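User: Please take me through this model in questions and answers, giving the cut-offs behind each term as it comes up.

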Amino acid sequence: KQLATKYINDDTKRAIARVAVQFVEQVWVTLHGADKLAKALETAETLLKKKGIDFDAEEMQILIEAAVAEFNNTFKLTPLTAESTADAVRRVEME
């Protein structure tokens, strides 16, 4: 049972790190670098405490940095192949 709980908690920590990164990227667009990391850590800490999952700050920082790398590889570095939403909105506004 302890092994299953550890696996579920570790998986939950990774999921929360990803969600915290996505949240900070979406909501705190004016933050950069260390401030953005601090906000992601704060968000992850809040969510983990609500779920009653123990963690340490170093572990969460590593998970968040990994989630940032995943986010950057998936969303920011992928070139747009189709017209972006912003382009479509500008075109509609001009018509």
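**Salt bridges, pocket and surface**

User: What separates Asp11 and Arg14 along helix 1?

Analyst: Asp11 and Arg14 are three residues apart in helix 1, where a helix is a DSSP run of H or I with at least four residues, numbered from the N terminus. The model is predicted, so that local features need pLDDT of at least 70 and side-chain atom pairs pLDDT 80 or more, whereas totals for chains, interfaces and linings use all residues. Residues are numbered from 1 along each chain as its sequence is written, and side-chain values use heavy atoms, without hydrogens and water. The spacing in helix 1 therefore amounts to about one helical turn.

User: How far apart are the closest N and O atoms of Asp11 and Arg14?

Analyst: Side chains of opposite charge can pair when their charged atoms come close. Asp11 and Arg14 form a salt bridge, defined as a side-chain nitrogen of Lys or Arg within 4 Å of a carboxyl oxygen of Asp or Glu. The closest N and O atoms of this pair are separated by 3.7 Å.

User: Which helix gives the most to the lining of the largest pocket?

Analyst: A pocket is an open set of points on a 1 Å grid over the protein atoms alone, where a 1.4 Å probe fits, with protein on both sides within 12 Å along at least five of seven lines; lining residues have an atom within 4 Å of a point. Twelve residues line the largest pocket, with Glu25, Gly33, Lys36, Leu37 and Val68 nearest its centre. Helix 1, helix 2 (33-51) and helix 3 (57-76) each supply at least two of the lining residues. The most, five residues, come from helix 3.

User: How far apart in space are Lys36 and Glu25, C-alpha to C-alpha?

Analyst: Lys36 lies in helix 2 and is buried, with a relative accessible area of 17%. In sequence, Lys36 and Glu25 are 11 residues apart, while the C-alpha to C-alpha distance is 8.2 Å.

User: What is the relative accessible area of Phe23?

Analyst: Phe23 lies in helix 1, residues 2-27. Phe23 is partly exposed, because its relative accessible area is 36%.

Methods: Buried means under 20% relative accessible area, exposed over 50%, partly exposed in between (1.4 Å probe, protein chains only).
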